[in-house]
Amino acid sequence: MKNFIITVILALFTHAFYAQNAFDKFDGQDDVTSVIVNKKMFDIMSKVKVDASDKETQQYMNLIKKLDNLKVFTTKNPKIEADMKLSADKYIKTASLEELMRINDSGKNVKIYVKSGATDTKIKELFMFIDGAKNEDTVLLSLTGNFDLNEISVLTDKMQLPGGADLKKASKTKK
């Protein structure tokens with residue numbers, strides 16, 4: 001029984017860090033643009049003085065206090081795109097993510113998944129994979145924290161994230 005408990009604890013412990021390591025191989029690769037923002041940076045950003053009368057900026061500041069990590073990787077390299085797709089598919093299967101929406105538009109495939117929190121709109125992780133069409137970037141995005149899906153449009157506007165328009169659609173569909 002003791003061995004079983006230790007095995008379960010180790011399995012859960014390693015699973016919690018899989019998301020952080022599953023895509024790190026793309027960081028620093030040639031032909032990959034990466035943006036990685038960690039909890040410390042979100043904490044620093046949340047302490048910036050802003051105009052209290054600007055409601056949208058206040059919403060943005062409240063949201064970034066709830067975020068832990070943001071990882072965005074983009075590429076147009078066909079070999080790396082294939083590796084990103086395999087990594088994304090594997091991660092989707094192992095991370096207990098729920099499909100939020102899927103879009104296929106002129107060869108561009110967008111898949112958005114979430115790991116739900118305490119309520120339907122509370123999110124622990126938002127994962128997006130855009131399989132770029134001809135001459136379009138392939139994008140892999142992972143956002144973790146404890147935030148409300150309805151707040152995402154504020155984030156995509158302020159940070160100008162790739163796939164932001166698709167994330168806005170997702171936040172409108174799951175209410």
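User: In this predicted model, how many bridges join strand S5 (residues 122-131) to S6?
Analyst: Happy to walk through this with you. S5 and S6 run antiparallel, and Phe 129 stands opposite Leu 140 in S6. The number of bridges that join S5 to S6 is eight.

User: Which residue in the hairpin of S5 and S6 takes a positive phi near 60 degrees?
Analyst: The hairpin has six residues between its strands. The residue with a positive phi near 60 degrees in this hairpin is Asn 135.

User: How do S2 and S6 run, parallel or antiparallel?
Analyst: S6 is also joined to S2, by eight bridges. Thr 74 stands opposite Val 139 in S6. The direction in which S2 and S6 run is antiparallel.

User: How many residues of S6 are buried?
Analyst: S6 has eleven residues and is mostly covered. The count of buried residues in S6 is ten.

User: Is Thr 144 buried or exposed?
Analyst: Thr 144 sits in strand S6, which covers residues 138-148. Leaving aside neighbours within four places in sequence, Thr 144 is in contact with Leu 67, Asp 68, Asn 69, Lys 124 and Glu 125. Its relative accessibility is 19%, and buried means under 20%, so Thr 144 counts as buried.

User: Which residues have the most contacts inside the largest nonpolar core?
Analyst: That core has 26 residues. Several elements each supply at least two residues of this core, including helix H2 (39-46), H3, strand S3 (98-105) and strand S4 (108-116). Those with the most contacts inside the largest core are Leu 126, Leu 143 and Phe 147.

User: How many residues are in the other core that lies apart from it?
Analyst: Among the members of this other core are Ala 22, Val 32, Tyr 91 and Leu 140. The number of residues in this core is 16.

User: What are the distance and the angle for the aromatic pair of Phe 23 and Tyr 91?
Analyst: The structure holds four aromatic pairs. A pair of rings is described by how far apart the centres are and by the angle of the planes. Phe 23 and Tyr 91 form an edge-to-face pair, with values of 5.2 Å centre to centre and 75 degrees between the planes.

User: Why does the pair of Phe 23 and Tyr 91 tie together parts that are 68 residues apart in sequence?
Analyst: Phe 23 and Tyr 91 are both buried. The pair ties together those parts because Phe 23 lies in the loop between helix H1 (2-22) and strand S1 (32-37), whereas Tyr 91 lies in helix H4 (residues 78-94).

User: Which residues are linked by ring pairs into a cluster?
Analyst: Tyr 91 and Phe 23 take part in this cluster together with one further ring. The residues linked are Phe 23, Tyr 91 and Phe 127.

User: What is the C-alpha to C-alpha distance of Lys 65 and Asp 43?
Analyst: Leaving aside neighbours within four places in sequence, Lys 65 is in contact with Lys 39 and Ser 46. Lys 65 and Asp 43 are 22 residues apart in sequence. In space, their C-alpha to C-alpha distance is 6.2 Å.

Technical notes. Residues numbered from 1 in each chain as written. Predicted model: local features only at pLDDT ≥ 70, side-chain atom pairs only at ≥ 80, totals over all residues. Heavy atoms only, no water. Contact = heavy atoms within 4.5 Å. Phe/Tyr/Trp six-rings, centres within 6.5 Å; stacked < 30°, edge-to-face > 60°. Helix = DSSP H or I, 4+ residues; strand = E, 2+ residues; numbered from the N terminus. Buried < 20%, exposed > 50% of the residue type's maximum accessible area, 1.4 Å probe, protein only. Pairing = 2+ DSSP bridges. Core = buried A, V, L, I, M, F, W, Y, C linked by side-chain atoms within 4.5 Å.
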